[in-house]
Amino acid sequence: MRQFFFDDPFAVADYVKAHCPQDIQSILQVADEVAERRFLFNLRWDMERTYKPVVFENEIDWLYQPGDDPEWIYAFNRMRFWICLGQAYALTRDEKYAEAFAAQATHWIQTVRRDDPKNAKAWRSIEAGLRLEYWLKAMQYFKDSPAVTEDVRALFEGSVIEHAEFLMSVWDSYHIMSNWGVLENHGLFLAGVMLPPTERTAQYTAEALSRLEKELRMQVYRDGTQWEQSPMYHNEVLHCYLDVVLLAQRNGIELPAHIPQKVRDMCFFDLYAAKPDHNEISMGDSDEIDQRDLISKGAYLFGDNALKARGYETPDFDTAWDIGERGIKDYAALRAEMPASPDRHFADSGNAYLRSGWSEDATFLHFHCGTLGAGHGHADKLHLDLFSRGEDLLVDAGRFSYVFGPERVAFKELCAHNVPVVDGRDFYVCKDAWECFDLTRGINQRFYADSRYGYAEGGHLAYVEPLGVFTNRRVIFLKPDIVVVCDEFFAKGSHTYNQLFHLNNAGTLSGEGGRYVYESAKLRAEMAFMGSGLSSRVLDTRLSRHYNHCEPNKTIETALAGEGFVSAFSVFGLSSPGDNKALTVEKLTVSSNFKGIVFTDAQVEALNVSFGEARYTVAVAHREFATPTDTFLADGCIGFGSAVVFDRAAGEHEIGTVLIY
């Protein structure tokens, strides 16, 4: 007998009533609205959220588009909301939810015909794949309802078969590389497993697995990151593969060995990439979403204690329905064990994550130096996210909209990110909502982490050919509360340079002249920006945490200019309000111990950085200097290396800790 996500929906309903009461009211509200033909997309993983409901007084128009964004039609014709009807039915046993499901499904199947050209937006292949998941999962809840008559069931199964046959016919090289292929073939796999078994449904299963195995090998890097450089779409793909692994385990379907291992790797990317508040970063086309449900599912499927430590203590509302009553019991048996190191470099995707620890108030930073990531990627090479005390400080501006125009471009372009800019010139120029030109390459990735320090570095070639400037960023984390960023511009001729730092809007910003303070109820951050002739100003900008929604925020922009090599330092001191820590930064003279000369700023620079009781000397060598045999001297500190830190509060003044040689 085939086994699906749960055996008894009412048993899961009893669990969520006891453990997830906060979710029940919102799900019942969604279900009531759907039963009344009132539609709003605001569930956790709705890919394109909306904020104004659309109401159909009489017959539903499945091709209705309320504005200039066709994403509404796409979301509407996925029917994720039918699962909410099913959950409401399991929670209340009220037949009105089953009747609404049966009526809407029958109406859609009879009116939105695939052979009618006017229905093309509803019949994109990605929507067909998503519908198969949502329809088949929804039907699990209603299988014993009198509203789902034999006629309704026959009509439903006939349409599922039509969807599966359509997906069997559309796969090509584009789908191997796109998340579309995964979302489509995930649906095809579910159809093969969950339809009544026949020779043809077995072919659906086999073909879907063959495609999914190729797509996984093509789309997911060795480090476990989905290549599109967007955590939201990484998680959409991960969600699909978790379903595949679960149904394969429960039904004795043998998977290629590559699939479970790579899916587990994707879960571990989420473990490290989630901010301390468990939300994904708004990187690329991503919203700020708590991703613990996916990590929890991974912990259950792979029996992994580390994943459980970064998932939920007990299954959340969404996870409970997907793993069912047996999964809920098995999850309880897992121990939670935090990974030994909180730091991780995902070298293939170019993402570095550094933390002061695993607590929710820990300091966390993310540095990116990787590929663009197709249509969902943004111009974010060398971007930095910074989070501390349960709150963002430096943020990605987000995505806001997929409609091509000034706003789509504004949120994708270079200046929407915390990056250096040369001569005011953008790169990754938008051709339309999805395609860019002037692509470039990230290089020089380096990484180091231990219990006291973290280091990430990277550069890119965007300005080398057109301007003769190589841009490199070095991030030094003095755990737990100090971050030093050094931007290097190796140039010929004279150029202008800017740095952008987009700030969270939960607090207030004050200051001028390269010194600023951000303060909120949770976080106080002192910031110092230094460079020869550097000036700064505060810009009014926008921040989008969710699709179709943006808020005002502030961005610090620095400006400097120079001929030949130019560098700039940005220093952040992070504390809780009321700690009264003062950040002091002093530029030092750096000399040669062997040759007795003073190094130029283009050779070696050093800073003294103090914050509260913490005192450090930080030295950065921009070029090799140790010829024939030499060390540097900075405020009594003797060292060798490309990035070296001395803990002055601990009495260090010789050798120090070399982060990078």
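Strand 16 (residues 508-512) is hardly covered: of its 5 residues, the count of buried ones is 0. Buried means under 20% relative accessible area, exposed over 50%, and partly exposed in between, with a 1.4 Å probe and protein chains only. Strands here are DSSP runs of E with at least two residues, helices are runs of H or I with at least four, and both are numbered from the N terminus. The model is predicted, so local features need pLDDT of at least 70 and side-chain atom pairs count only at pLDDT 80 or more, while totals for chains, interfaces and linings use all residues. Residues are numbered from 1 along each chain as its sequence is written, and side-chain values use heavy atoms, with hydrogens and water left out.

Strand 16 has a partner. It pairs with strand 17 (residues 515-519) in the antiparallel sense, over 5 bridges. Two strands pair if DSSP finds at least two bridges between them. Gly511 has Tyr516 of strand 17 as its bridge partner. The hairpin of these strands has 2 residues between them, and Gly513 takes a positive phi near 60 degrees.

Now turn to Phe632. This residue is found in strand 26 (residues 632-634). Phe632 counts as buried because its relative accessibility is 1%.

Ser286 sits in a loop, between helix 12 (258-273) and helix 13 (292-302). Its relative accessibility is 0%, so Ser286 counts as buried. The side chain of Ser286 makes a polar contact with the side chain of Ser230 at 2.9 Å. A polar contact is a pair of N or O atoms within 3.5 Å; within protein, one must be able to donate a hydrogen and the other to accept it, and residues adjacent in sequence count only if both atoms are side-chain atoms. The Ser286 side chain also reaches the backbone nitrogen of Met232, at 3.0 Å.

The lining holds 44 residues, and Ile27, Leu43, Arg44, Arg80 and Asp318 lie nearest the centre. A pocket is an open set of points on a 1 Å grid over the protein atoms alone, where a 1.4 Å probe fits, with protein on both sides within 12 Å along at least five of seven lines; lining residues have an atom within 4 Å of a point. Helix 2 gives the largest share of the lining, 8 residues.
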